[in-house]
Amino acid sequence: MARHAGVSAATVSNFFNWPDKLSDRMKERVGAAVDALGFVPNMPARQLRRQHSGIVGLSVVNASNPFFAGLATAVEQVAEDAGLSVVVGSSHESPVQQEKFLTLFEQLRFDGVVVTPTDDELEPLRRRRDRGTPVVLVDHEDPDGRLSSVSLDHREGGRLGARHLVDSGRRRLLFAAGHEGVRQVARRLEGCREVVAAAEGVHLEVVRSEDLDLTVGEETGTWIASLDADERPDAVFAGNDLHAIGLVGALLAGGLRVPEDVAVLGYDDIPFAARASVPLTTVRQPIAEMGRAAARLLLDEIRTPGSAPRDVVFPPELVVRASAP
């Protein structure tokens, strides 16, 4: 490679490892030789020489959800600015699948991992950090304080949403939750219950499902539309925005008006929320800011092995739109 490009072996090494050390002209010269020879660097050999892979892993609960897609984009931006690549895996809320990804990331000697955990079982992640792999949690905190984390105050998010619905005159609330293992949604429900308990004449019903996607939202909305007016909730606090958007569509298809008959409030403030058929009132999570914060925490742990774990907690924000004015 060096002979073909007419440069030193050190220059070729800089091209792949520290390109900022080379002039644009030199990068073009070595790059042309790489293209001409079809050269592909030997990753395992580079890892042995440099003691790190230049890659970080990101395990998210569901990559098809715009919340996690936005999170991944933010992590990638910070990592790329630091010269690292990101490999993303979607666990689809399966602890088994999450463990497979994390085991693969560790076997490939990734420099660190960012994880949105599928459940509260964090000991496997703690052990990985103990073995030397930096780990940062997103949308989840470690009660033992052994892992760095970036999270939102979900209990306050539940209070914000419920308080808005109650203050706007809604008295029959339905909280559309996922399965009981989703800690974030459980905390939102706790906050919602606090507000309802303190409000006179307000009733709360909770419905659970195995998922909180568009399809399940449509199913929930169809069921609500089938109820008699005196049995129907006058407001729904959905577990996330995707669920809320599907629910709104089914309510409208069932002949109900949103928000006149049923107000709908979501959670996350994904990009589609403002562009829904009825723009969605929601509790905003600062997705990009959370992703960037997680990536920065991970970079700090990679650069300073053994540093003390840190937690970053963001406040939720109520965004009022047409679905629940």
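**Helix α8 and its surroundings**

Let me start with a pair of helices. α8 and α9 are oblique to each other; that label covers angles left over once under 35 degrees is called roughly parallel, over 145 roughly antiparallel and 65 to 115 roughly perpendicular. Their axes come within 6 Å and cross at roughly 45°. Axes here are lines fitted to C-alpha atoms, for helices over the stretch in contact, with angles from 0 to 180 degrees between N-to-C directions. The crossing of α8 and α9 is right-handed, meaning the near helix is turned clockwise from the far one by less than a right angle. On the α8 side, the contact uses His 154, Arg 155, Gly 158, Arg 159, Ala 162, Arg 163 and Val 166. On the α9 side, the residues include Gln 184, Arg 187, Glu 190 and Cys 192. Contact means heavy atoms within 4.5 Å.

Now, some ground rules. This is a predicted model, where local features need pLDDT of at least 70 and side-chain atom pairs count only at pLDDT 80 or more, while totals for chains, interfaces and linings use all residues. Residues are numbered from 1 along each chain as its sequence is written, and side-chain values use heavy atoms, leaving out hydrogens and water.

Next, the whole protein. It has twelve helices and twelve strands, taken as DSSP runs numbered from the N terminus (helices H or I, at least four residues; strands E, at least two). Of its 325 residues, 51% count as buried. Buried is under 20% relative accessible area, exposed is over 50%, and partly exposed lies in between (1.4 Å probe, protein chains only). Take the contacts with a separation of 6 or more: residues 24 or more positions apart account for 70% of them.

Back to α8. How enclosed is α8? Largely, because ten of its 14 residues are buried. Among them are Gly 157, Leu 160, His 164 and Leu 165. Just after the helix, Gly 169 takes a positive phi of about 100°.

Gly 161 is buried, at a relative accessible area of 0%. What does Gly 161 touch, beyond residues up to four places away in sequence? Phe 237, Leu 265 and Val 283. Leu 265 is 104 residues away along the chain, yet the two C-alpha atoms are separated by 7.1 Å.

Contrast that with Arg 127, in helix α7. Arg 127 is partly exposed, at 41% relative accessibility. Its C-alpha is separated by 9.8 Å from that of Arg 146, 19 residues along the chain.

α7 also has a partner. The axes of α6 and α7 come within 12 Å and cross at roughly 5°. The two helices are therefore roughly parallel. Glu 99, Leu 102, Thr 103 and Glu 106 of α6 meet Pro 124, Leu 125 and Arg 128 of α7.

Last, α5, residues 66-81. It has 16 residues and reaches 23 Å, close to the 22 Å expected. Its buried residues include Phe 67, Phe 68, Leu 71 and Val 75. Where do the buried residues of α5 pack? Against β1, β2, β4, α11, β9 and α12.

Notes:
Expected span 1.5 Å × (residues − 1).
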